[in-house]
Amino acid sequence: MLDMALTTGVMHVTVGNVAMWLIGLFFIYLAIRKNYEPLLLIPIGFGILIVNLPLTFLMEQGRGLLWRFYHYGLEWEIIPPLIFLGLGAMTDFGPMIANPKTLILGAGAQFGVYVAFFGALILGFNVREACSIGIIGGADGPTTIYTTVRLSPHLLGATAIAAYSYMSLVPIIQPPIMRFLTTEKERKIVMKQLRPVSKREKILFPLVTVMVICLIVPASAPLMAMFMLGNLFKECGGVRRLSDAAANELMNIVTILLGISVGATMSAEHFLKLQVICVFVMGIVAFAFSTAAGILLAKFMNLFSTEKINPLIGSAGVSAVPMAARVSQAMGSEADPKNFLLMHAMGPNVAGVIGTVVAAGVFIALAG
Amino acid sequence: MIDWGLAVKICFFGLSAVFGSLALLIGAIYAFEKILKILEKRLN
């Protein structure tokens, strides 16, 4: 009788397992009830739940189903580049091409990455771990996952959850920082309407970008190349089927595999550690500094520019597309209901994605 | 033991690469814009 009971999972449940079930269920609750990144938090939460069921061996090396998803999808670096292909097919670089200066704001918002990087080192993480934690500040989930899998796979669950949690919390985290660093007068700055961007420019952009960025930081090529290929599909207009597939069906499939693979890395023995709390703390530090740096850089640019930039768009330099741009718009219209900043904020927003990929490429090249 | 030398190198090269590549991209966008305008004028 006892032997039979021992073959069931019930007899092997630990306190850690129960804690992880609660965490998994909490993520599912947040996703369904609060609508926080539901596309990711539901598969991640479900992954956490099932990987912490004893004797299921879903993450057993070479045999477990979730291990196969994780191994061939993430360790083989297939899923994050495919997500970037879909992102490229959904991204409009028009606002950035119309006002290329906003690229600098996307670069400025990467400061938080390095603040968190040094913060993590001070907390006792090694260089590779600090790189994975720092990149959370870029607010780009797939890049965070890609960097962590390359540099410190044992932190994957924590960094991925931190990145996606903070991305969904952008409307809560950013506004107080934006209010603190800008005056009412600055928030009311009205920006000139963007010029129309021709189709030819939009087609040339991904080709130029992939060459420039990959020549400077070759390690960023897997993400950048797929990002720009997806965008070329979208802008050229001749391959609508490929563009639609990349932005919809493929994106949905890889999102399921990504979510469940990330959740599967969060077994009790890997996740319930002090280290994970430190990752979350440094993640929010990174996010806050990235937001602040973008705003301060916009203010700095205003010292030398005749055409003033509304500093609120600087905070959109953290990637979280398009949430961060929407926050800039909301804050701008709060100060002046006639002020429309959304399209202006999309420039630094998409530039932030490129900036984060470059930062990740340097981390991988130097610490990998 | 933390390798602070590597950390500083990563930070320095990282920020340089981020700003450098995006600045180059700005230059490339402006240059292409100019070239396109010239080409369009000639074609017209």
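Predicted model: local features only at pLDDT ≥ 70, side-chain atom pairs only at ≥ 80, totals over all residues.
Residues are numbered from 1 along each chain as its sequence is written, chains are lettered from A and ligands numbered from 1 in the order in which they are written, and side-chain values use heavy atoms, with hydrogens and water left out.

**Stop 1: chain B**

Select chain B and you will see 1 helix and 0 strands (helices are DSSP runs of H or I with at least four residues, strands runs of E with at least two, numbered from the N terminus). The C-alpha trace of chain B spans about 65 × 10 × 5 Å along its principal axes. Of the 44 residues in chain B, 34% are buried (buried means under 20% relative accessible area, exposed over 50%, and partly exposed in between, with a 1.4 Å probe and protein chains only).

**Stop 2: where B meets A**

Now show both chains. Here 27 residues of chain B are in contact with 39 residues of chain A, contact meaning heavy atoms within 4.5 Å. Together the two chains bury about 2800 Å², 88% of it on carbon and sulfur atoms; this buried area is the accessible area (1.4 Å probe) lost on putting two parts together, summed over both.

Between the chains, the count is 1 salt bridge, defined as a side-chain nitrogen of Lys or Arg within 4 Å of a carboxyl oxygen of Asp or Glu. Pick R200(A) and E40(B) to find this salt bridge, at 3.6 Å from N to O. The side of chain B that touches chain A divides into 21 nonpolar, 2 polar and 4 charged residues (Ala, Val, Leu, Ile, Met, Phe, Trp, Tyr, Cys and Pro are nonpolar, Asp, Glu, Lys and Arg charged, and the others, Gly among them, polar).

**Stop 3: salt bridges in chain A**

Over all chains the structure holds 12 salt bridges. Zoom to E60(A), which pairs with R63(A), their closest N and O atoms 2.9 Å apart; E60(A) is partly exposed at 31% relative accessible area. Then try K188(A) and E184(A), whose side chains meet at 3.8 Å, N to O, in a salt bridge. K188(A) is partly exposed at 39%, and E184(A) is partly exposed at 41%.

**Stop 4: helix α15 of chain A**

Select residues 221-236 of chain A. Helix α15 has 16 residues and reaches 21 Å from its first C-alpha to its last, close to the 22 Å expected at 1.5 Å a residue; the expected span is 1.5 Å times one less than the number of residues. Its buried residues include L223(A), F227(A) and F233(A), and the buried residues of α15(A) pack against helices including α5 (79-90) and α21 (342-367) of chain A.

**Stop 5**

V350(A) sits in helix α21 of chain A. Leaving out residues up to four places away in sequence, V350(A) touches T91(A), D92(A), F93(A) and M96(A).

Finish at T148(A) in helix α10 of chain A, buried at 0% relative accessible area.
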